[in-house]
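Please keep the sequence and the structure open while going through the points.

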Amino acid sequence: RVDHKGIIRSSYENDGIPLPSDPDGIVDGHRVCKQWASRKAVQSNYKFDIYYQYTDTPAGTYWESAYLEVDRKPSALITLGTDFPSAQYFRGRNTDHKAVSRCPNGDCCRTPDPALLEAWGDDVWPTPHSQKHLLAALPQEIFPGTDLGEVIEFVSRQ
């Protein structure tokens, strides 16, 4: 399951597809490649139908089917896939949609075009949208993890 921004919210993999992950192997919370079906489906004319695609990756070719759950708030994409040899057993295997992904390594979709980077690189500073589930674990004080009363008493003594 991938949200409308391409962030993996729930995942299961057993065929070697190279999912983005952190050093501990955690996949959820990472953004999928722009070339994968779950991202291409949102931009396609198949937005309200099942979108099928073959994607060449460093680990081999995979077949994917992506479906946008529009009645869900916020919307989410459900993507199922398999390795190329097993695709023969699925409806949609005859799709003409193909893509190449070098993710999660390389400059596949995370590195800007060199000309655009040269023109704008020093003038933009994006601020990422905070993920609410990360903030939920923090204490509700003004300065998380500190006792403001103790800090003010300490300053007063000094």
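**Notes on the fold and its details**

1. Start with the hairpin. Strand 2 and strand 3 (residues 60–69) run antiparallel and are joined by seven bridges. Two residues lie between the two strands in this hairpin. Please keep in mind that the model is predicted.

2. Tyr-51 has Ala-66 as its bridge partner in strand 3. Thr-55 has Tyr-62 as its partner in strand 3.

3. Strand 2 also has a neighbour on another side of the pairing list. Strand 5 (residues 98–100) runs parallel to strand 2, and three bridges join them. Asp-56 is one place to look: its bridge partner in strand 5 is Val-100. In general, strands of a sheet pair through backbone hydrogen bonds, in parallel or antiparallel fashion.

4. How covered is strand 2? Strand 2 spans residues 51–57, and six of its seven residues are buried. The strand is mostly covered.

5. Five strands make an open sheet, in the order 1-4-3-2-5, with mixed pairing. Strand 1 (2–3) and strand 5 stand at the edges. Each has a single partner strand, so one side of each lacks a neighbour in the sheet.

6. The overall inventory is brief. The protein has four helices and five strands. From the N terminus, the elements run β-α-β-β-β-β-α-α-α. The protein has 158 residues, and buried residues make up 27% of them.

7. Contacts across the chain deserve a line. Take the contacts between residues at least 6 apart in sequence: 47% of them join residues at least 24 apart.

8. Which residues does Ser-38 touch, leaving aside those up to four places away in sequence? They are Val-2, Val-32, Ala-66, Leu-77 and Thr-79. Ser-38 lies in helix 1 (residues 37–43). Its relative accessible area is 3%, so Ser-38 is buried.

9. How many salt bridges does the structure hold? There are two. In general, side chains of opposite charge can pair when their charged atoms come close.

10. Take the salt bridge between Glu-69 and Arg-1, with an N to O distance of 2.7 Å. This pair links distant parts of the chain: Glu-69 is in strand 3, Arg-1 is in the segment before strand 1, and the two are 68 residues apart. Glu-69 counts as buried, at 18% relative accessibility. Arg-1 is partly exposed, at 32%.

11. The other pair is Asp-3 and Arg-9. Their salt bridge has its closest N and O atoms 2.9 Å apart. Asp-3 is buried, with a relative accessible area of 9%. Arg-9 is partly exposed, at 37% relative accessibility.

12. Check the cysteines with care. How many disulfides does a search of the whole structure find? It finds zero. Cys-103 is in no disulfide, and the nearest cysteine sulfur, that of Cys-33, is 3.6 Å away. Cys-33 is buried, at 2% relative accessibility. Cys-103 is buried too, at 3%.

13. Turn to the surface. The accessible surface of the protein comes to about 11600 Å². Carbon and sulfur atoms account for 54% of that area.

14. Which residues form a nonpolar patch on the surface? They are Leu-148, Val-151, Ile-152, Phe-154 and Val-155. Together they have about 440 Å² of accessible area.

15. Why is Val-151 classed as partly exposed? Its relative accessible area is 40%, and the partly exposed class lies between the buried limit of 20% and the exposed limit of 50%, so Val-151 falls inside it. Val-151 is found in helix 4 (residues 148–157).

Methods:
Residues are numbered from 1 along each chain as its sequence is written. This is a predicted model: local features need pLDDT of at least 70, side-chain atom pairs count only at pLDDT 80 or more; totals for chains, interfaces and linings use all residues. Side-chain values use heavy atoms; hydrogens and water are left out. Patches are made of residues with over 30% relative accessible area and no salt bridge: like charges are joined within 9 Å, nonpolar side chains (Val, Leu, Ile, Met, Phe, Trp, Tyr) within 5 Å. Accessible areas come from the Shrake-Rupley method with a 1.4 Å probe; for residues, only the protein chains shown count as cover. A salt bridge is a side-chain nitrogen of Lys or Arg within 4 Å of a carboxyl oxygen of Asp or Glu. Buried means under 20% relative accessible area, exposed over 50%, partly exposed in between (1.4 Å probe, protein chains only). Two strands pair if DSSP finds at least two bridges between them. A disulfide is a pair of cysteine sulfur atoms within 2.5 Å. Contact means heavy atoms within 4.5 Å.
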